[in-house]
Amino acid sequence: MPIISQILGCGSYLPENFLTNDQLAEKVETSDEWITARTGIKRRHVTRDDEYTSDLAYEASVRALKAAGVKAEELDLIVVGTTTPDRTFPATAVMLQSRLGMAGGAGFDVQAVCSGFIYALSVVDGMIKAGTAKTALVVGADTLSKILNWEDRTTSILFGDGAGAVVVRGEEVNGAAEPQGILSTHIHSDGNLQDLLYCDGGTSMNQKSGFVRMEGQEVFKHAVKNLAGVVVEALEANDLQPEDIDWLVPHQANKRIIDSTAKKLKMPAEKVVLTVETHANTSAASIPLALDAAVLDGRIKRGDLLLMEAMGGGLTWGAAVVRW
């Protein structure tokens, strides 16, 4: 009997501290009007000095497990998409495994920057369908504020911290005409474009955490092209048209990128989940954060067809089609 990876529940967490555009303008030469016009961002959440990626991941995971009605002991897999682990090693996932009280199983991190959640979801979906996992926790968590140069206007205005999680379980399709779960995932990368968006530190290179560096205009160009392309790929793989999608849940990088992608797909604004105004770009966390926000406020309902997409440093990009 075919197996499908069902998403049983989701959860999210944002740090209590936040930074408005006006507050940021006190640190760097910018303004609320300038940032809003170019990005759609009004504020971003930032961690305390003693608050780490695993802390955010834990809080989001607890909420996701509660929403799913699943106990941590039932998990046999944790995959965390993150670019900002607490430590070089061990993985944030095993730290989360210990803190949740998960018995046995496995945990590891996936590093695909802003595409991290889609990559992690793809890995988990494959493992469930292969029979090597049954119930998994998929987390996107990042604290990009830790690797920002707050004097660099090109990057400091864009990013924020947060975490989101989903609980996924393999279930038999049982001949359902419209089965609920992950219908397909699609991931890509192009290492030739790595210098467009990167961090200039690394344990092997210079033993520093480094800062985010970005060629904004080039990233924008490739984002619109690659996201539109992978979304078409995902639709065609499932014999779907854009009008079949109930909700587009995009990576919240920049409102102009989201608007451009939606326009290429001829998707109306009312079918796009937007959180970039108050979350900013939370990297791997942005899709599950947006997903949880739309589930909690009742927009996304069981049976709805979702299209998730993201692009990040690498360059990496990907999409997933999910029936909620």
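Modeller: A word on classes before we start: Ala, Val, Leu, Ile, Met, Phe, Trp, Tyr, Cys and Pro count as nonpolar, Asp, Glu, Lys and Arg as charged, and the others, Gly among them, as polar. Also, keep in mind that this is a predicted model.

Colleague: Thanks! By class, what does the lining of the second largest pocket have?
Modeller: There are 14 nonpolar, eight polar and three charged residues in that lining.

Colleague: And which residues lie nearest its centre?
Modeller: Thr 154, Leu 158, Met 214, Gly 216 and Asn 254, out of 25 lining residues. Helices H2 (32-39), H6 (153-156), H7 (216-237) and H8 (255-264) each give two or more residues to the lining, and so does strand E12 (305-312). H7 has the largest share, with six residues.

Colleague: How much space lies in there?
Modeller: About 500 Å³ in the second largest pocket. For the largest pocket the figure is about 990 Å³. That one is lined by 38 residues, and Thr 83, Pro 85, Gln 111, Ile 147 and Cys 199 are the closest to its centre.

Colleague: Which strand gives the largest share of the lining there?
Modeller: Strand E9 (residues 197-199), with three residues. By class, the largest pocket's lining has 15 nonpolar, 17 polar and six charged residues.

Colleague: Switching topic: is Thr 53 buried or exposed?
Modeller: Thr 53 counts as buried because its relative accessible area is 1%, and the cut-off for buried is under 20%. Thr 53 sits in helix H3 (residues 53-68).

Notes: Residues are numbered from 1 along each chain as its sequence is written. This is a predicted model: local features need pLDDT of at least 70, side-chain atom pairs count only at pLDDT 80 or more; totals for chains, interfaces and linings use all residues. Side-chain values use heavy atoms; hydrogens and water are left out. Helices (H or I, at least four residues) and strands (E, at least two) are DSSP runs, numbered from the N terminus. Buried means under 20% relative accessible area, exposed over 50%, partly exposed in between (1.4 Å probe, protein chains only). On a 1 Å grid over the protein atoms alone, a cavity is a set of points where a 1.4 Å probe fits but cannot get out, and a pocket is an open set with protein on both sides within 12 Å along at least five of seven lines; lining residues have an atom within 4 Å of a point. Grid points are joined across faces, edges and corners, and a volume is the space filled by probe spheres set on the points.
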